[in-house]
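Reader: I am new to reading protein models. Could you take me through this one and tell me what the words really mean?
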Amino acid sequence: MATTILVGAQWGDEGKGKIIDVLTAQADIVVRYQGGNNAGHTVWVGTDKFILHLVPSGILHPGKISVIGNGVVIDPCALVEEIEQLRVRGVAIKDNLLISETAHVVFPYHRLLDGIREQQKGKRKIGTTKRGIGPAYGDKASRTGLRMADLLAPERFTGKLRQKIRENNEIFKAFDAPPLSYTQIHRQYMECARKLRPFIADTVTWLNRAVNKGKNLLLEGAQGTMLDIDFGTYPFVTSSNSTAGGACTGTGIAPHRIDKVVGVMKAYTTRVGEGPFPTELHDGRGTLLRETGQEFGATTGRPRRCGWFDAVVTRYAVMVNGIDELAVTKLDVLDKLPKIKICVAYKVGHKVYETMPQDADILQRCKPMYEEFDGWRTSTRRARSFSQLPPQAQVYLSKLAELSGTKLGIVSVGAEREETFFL
Ligand code: IMP
């Protein structure tokens with residue numbers, strides 16, 4: 001495996017958790033490189049369902065080391081809770097977890113600001129998870145953020161936190177929101193710091209040493225390409241680089257040391273939150289996809305918007321991430337459909353777009369141009385190789401890969417680890 005990056009090739013929720021879990025069998029170390037507890041990776045181990053928000057899913061594999069990289073923003077209270085819940089369920093967390101000392105910290109004022117900004121935007125809201133992710137990355141870029149290492153230096157932490165709370169309480173006053181209590185937050189964060197201290201480390205040096213030793217690393221992205229702050233449907237995006245470049249800046253591993261990029265995509269498309277989504281289905285077929293695929297947000301429980309596979313999106317994802325291999329998930333969700341469509345290009349008036357228009361206003365007006373395929377109308381869940389799939393499903397998958405411009409590597413036909421095969 002060497003060093004592999006795994007990215008979402010659509011708008012997030014592509015089933016990355018499941019593919020990461022399967023690939024972890026070949027990895028020594030699994031590293032999360034961006035985002036925060038806005039993400040929700042669902043992993044089924046037998047009949048046990050795990051939803052991980054900050055801890056890499058490598059934690060579910062004994063003997064593997066999980067790392068939360070410097071590019072992640074961490075809500076320490078959410079992380080402590082996640083660790084405690086995993087422990088209650090019998091997952092050992094001791095020397096198998098490392099947390100970057102330079103990852104930025106999410107505070108209650110970030111969450112409050114996230115909510116206020118969304119409210120202020122009214123109809124133009126982004127539909128964020130309200131976990132404070134945007135404001136936390138905002139502080140990082142403004143060079144006023146606090147990092148995990150600050151939690152371990154009580155004096156420095158105290159001064160910086162006091163200043164941040166004073167500054168933010170002024171903002172809250174303007175919105176008639178009650179002020180935050182410095183004392184309460186200080187106490188709560190110091191308690192979390194005590195619990196997280198054993199895991200906080202210089203992960204940049206540690207990871208580079210692991211690469212030098214020839215260890216197999218899996219760098220896992222959260223969200224997806226179309227939610228990337230630079231390459232997504234701005235402003236309807238998250239606040240970090242979820243694409244492959246973010247894996248380098250979010251871990252400290254140099255680009256030339258990356259061996260492979262795997263792009264995960266669903267056999268159809270979903271999106272949560274607001275923003276353009278050209279292939280969205282507003283009719284019964286959208287509802288069928290949502291219900292069959294259980295398309296409800298793992299973090300917020302919101303129903304996901306559902307639509308046909310969009311090859312303009314995945315072609316773009318292959319380009320900006322340098323995807324070498326596709327992992328297609330949830331093929332089984334399409335099992336009952338008599339006809340299935342793939343969007344091959346967009347049209348605005350007479351103009352045809354085969355590549356992604358960068359202007360969100362143009363994208364909003366794009367009409368999908370479809371190719372239609374026969375469905376297979378039989379269950380694919382027992383297939384354990386490409387040749388065991390019904391012929392129509394083979395045609396469909398081959399077309400997804402051809403239109404996306406890269407090769408098929410993994411297919412998932414159900415939620416469980418076993419319901420997966422490699423090509
Ligand atoms: P934020 O990341 O909470 O600021 O939300 C920004 C946008 O990204 C919203 O549309 C969210 O619904 C979306 N988003 C954030 N995290 C995820 C995820 O893990 N899966 C899918 N969408 C996400």
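**Asking what the labels mean**

Author: Let us start with D21, which is buried, because its relative accessible area is 2% and buried means under 20% relative accessible area, exposed over 50%, partly exposed in between (1.4 Å probe, protein chains only). The model is predicted: local features need pLDDT of at least 70, side-chain atom pairs count only at pLDDT 80 or more, and totals for chains, interfaces and linings use all residues. Residues are numbered from 1 along each chain as its sequence is written, and side-chain values use heavy atoms, with hydrogens and water left out.

Reader: Where is the place of D21?

Author: D21 sits in helix α1 (residues 16-24). Helices (H or I, at least four residues) and strands (E, at least two) are DSSP runs, numbered from the N terminus.

Reader: What does the side chain of D21 make a polar contact with?

Author: With the side chain of H61, at 2.6 Å. A polar contact is a pair of N or O atoms within 3.5 Å; within protein, one must be able to donate a hydrogen and the other to accept it, and residues adjacent in sequence count only if both atoms are side-chain atoms.

Reader: Which residues is D21 in contact with, leaving aside its neighbours within four places in sequence?

Author: Contact means heavy atoms within 4.5 Å, and on that basis D21 is in contact with V43, S57, H61 and R417.

Reader: Is E220 buried or exposed?

Author: E220 is buried, because its relative accessible area is 1%, and the limit for that label is under 20%. E220 belongs to strand β10 (residues 217-220). Its side chain makes a polar contact of 3.2 Å with the side chain of H41 and reaches the backbone nitrogen of S57 at 3.5 Å.

Reader: And what makes H41 count as buried?

Author: H41 has 7% relative accessibility, so it counts as buried. H41 lies in strand β3 (residues 41-45). Not counting residues up to four places away in sequence, H41 touches several residues, among them K16, I20, F50 and E220.

Reader: Why is Q294 called exposed?

Author: Q294 is called exposed because its relative accessible area is 55%, and the label asks for over 50%. Q294 is found in the loop between α10 (284-292) and β13 (305-307). Its phi is positive, about 50°, although Q294 is not a glycine.

Reader: What makes R377 count as exposed?

Author: At 59% relative accessibility, R377 counts as exposed because the cut-off is over 50%. R377 is in the loop between β18 (367-374) and α13 (391-404), and its phi, near 45°, is a positive value in a residue other than glycine.

Reader: What makes helix α11 mostly covered?

Author: Eight of the 11 residues of helix α11 (residues 311-321) are buried. They are A311, V312, V313, T314, Y316, A317, V318 and N321. At the start of α11, a side-chain oxygen of D310 comes to within 2.9 Å of the backbone nitrogen of V312.

Reader: How many cavities of 30 Å³ or more does the structure hold?

Author: One. On a 1 Å grid over the protein atoms alone, a cavity is a set of points where a 1.4 Å probe fits but cannot get out; lining residues have an atom within 4 Å of a point. Grid points are joined across faces, edges and corners, and a volume is the space filled by probe spheres set on the points. About 50 Å³ of space lies in the largest cavity. Its lining includes M226, Y234, Y316 and D359.

Reader: Which peptide bond is cis?

Author: The cis peptide bond joins Y234 and P235, with omega of about 5°. P235 lies in the loop between β10 and α9 (244-249).

Key
On a 1 Å grid over the protein atoms alone, a cavity is a set of points where a 1.4 Å probe fits but cannot get out, and a pocket is an open set with protein on both sides within 12 Å along at least five of seven lines; lining residues have an atom within 4 Å of a point.
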